Amino acid sequence: MYVSTKEILNKASKEFYAVPAFNINNLEFLMKIIEGAVEKNAPVIIETSEGAIKYAGNGDIYRGARLFVKMVREFAETVNIPIALHLDHGKHMEFIAAAIRAGYSSVMIDASHEPFKENLKITKEVVKWAHASGISVEAELGQLAGIEDNVSAEKNVLIDPEEAKIFVEETGVDFLAPAIGTSHGAFKFKGEAKLDFERLKRVKELTGIPLVLHGASSVPEKYVKLAEEFEANLGGAKGVPAEEIKKCVKLGINKVNTDTDLRIAFVAGLRKHLKENPKEFDPRKYFKEGMNFVKEVVMDRLEFLGAAGKA
Ligand SMILES: O=C(COP(=O)(O)O)NO
Ligand SMILES: [Ca+2]
Ligand code: NA
Ligand SMILES: [Zn+2]
C-alpha cells in the first residue's frame, strides 16, 4: 500500500522502533529495496534527493518527481506492505512544489543552514502548504558536517533541545531531524563515532514527535573490503555502528536515512561482476550481484531497526 509517511512514523514512534528511509536514483535499487521489505514483512520509506529528481527527469524537475511517484506507486499498489515516498533534503521551493504536485507522501524542508528564526519561518510556510495537500513534513535543526547535496557545512552544529520544542510547536512539523553528531557520506568520523545521546533523549522528551537520523549509514566493512578487492579506493570509509543506531532508536529515532550503504554495496558487486565476467555486457546480468548486495543491506537494516514484521 502507498501510505503517508506520518502513518508509518507515528506507529514506529509509539512502539519505539525505526523504519529505514532508503535513497534511490533508479529502478534497480528500488526493486531490491521493495523485495527486501516484502521478505521482511516490513514498512519501508523510499526517498529521493533533489539530485535524484534532476537525474531521473534529465533536468525536468516535475517529470523526475512524477516518474518516481509512478514507479513507487506501481510497486506499492501490488504488494501488501506500507510504502511511502519522501523528498529528502528539499532545499529549493521548486523541488518541494514538484514533490507536492506529483504526489509524494512527504517532503523534507531542509533550512537548517539558516538562522533559527529563518528556518522556523520557512518550515512553517511549507507545513501549511504541504498539509493543505495532506502531505507530511520533515524539518531539520542543527547542521551535519559534510556535503548535503548542494550545501556543504564545515562542522557539526548540534541541535538545541529547548529550541526544538519551540520549533515543533510553532511550525506544526510532523517529524524532525536533530543534528546529534552524524554526517553524510562514507567518511563520517575521524576517530570513533560520537553521538550525543543525552541531547537526543532531551529532544524526544520536549517534542514527542517522530525523529529522523540523517547520515546513518554504517559503511559495513564487508562491502568496503570487497569493493577495494576490485580496485575501489574507499580508504578510511567509516560509518555509524549498528549498535549506536540501535541506541538512537531506543531514545526515539524512528526514521533512519540510508544512502551510502546501498551505494557501496552496489559498487562492490558491480566491480566484482565486471572484473570476473569480462565478456558480459547485459546490464540485467552485470547489475545482478550489486543489486543482491543492496537487498542484503536492506534486509539487515530492517531487522536491526525493529521494522521487520511490522507491516
Ligand atoms: O542522511 C542521508 C543518508 O546518509 P548516509 O550518507 O549516511 O547514507 N540522507 O538524507
Ligand atoms: Ca541541513
Ligand atoms: Na529526509
Ligand atoms: Zn540526510
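This is a predicted model: local features need pLDDT of at least 70, side-chain atom pairs count only at pLDDT 80 or more; totals for chains, interfaces and linings use all residues.
Take H89 and H214 as a pair: they link distant parts of the chain, 125 residues apart. H89 belongs to strand β3 (residues 83-90), while H214 is in the loop between β9 (211-213) and α9 (221-229).

Are H89 and H214 buried or exposed? Anything under 20% relative accessible area counts as buried. H89 comes in at 5%, so it's buried, and H214 has 3%, so it's buried too. There's also a sodium ion (ligand 3) to look for, and it sits 5.6 Å from the zinc ion (ligand 4).

Now over to the helices. Find α2 (residues 27-39) and α13 (residues 288-305), which pack with their axes 8 Å apart. The angle between them is about 40 degrees. Angles under 35 degrees would count as roughly parallel, so α2 and α13 are described as oblique to each other. Their crossing is right-handed.

Who's doing the touching? On the α2 side, the contact residues include F29, M31, I33 and A37, along with E28 and K32. On the α13 side, look for M291, V294, V298, M299 and L302, among others. Sorted by class, this contact between α2 and α13 has 9 nonpolar, 2 polar and 5 charged residues.

Note on methods
Residues are numbered from 1 along each chain as its sequence is written. Chains are lettered from A and ligands numbered from 1 in the order in which they are written. Side-chain values use heavy atoms; hydrogens and water are left out. Axes are lines fitted to C-alpha atoms, for helices over the stretch in contact, and angles run from 0 to 180 degrees between N-to-C directions. Helices (H or I, at least four residues) and strands (E, at least two) are DSSP runs, numbered from the N terminus. Angles under 35 degrees count as roughly parallel, over 145 as roughly antiparallel, 65 to 115 as roughly perpendicular and the rest as oblique. A crossing is left-handed if the near helix is turned anticlockwise from the far one by less than a right angle, and right-handed if clockwise. Contact means heavy atoms within 4.5 Å. Ala, Val, Leu, Ile, Met, Phe, Trp, Tyr, Cys and Pro count as nonpolar, Asp, Glu, Lys and Arg as charged, and the others, Gly among them, as polar. Donors are N, O and S atoms within 2.8 Å of the metal (3.2 Å for Na, K and Ca); water is not among the atoms, so sites may look incomplete. Buried means under 20% relative accessible area, exposed over 50%, partly exposed in between (1.4 Å probe, protein chains only).
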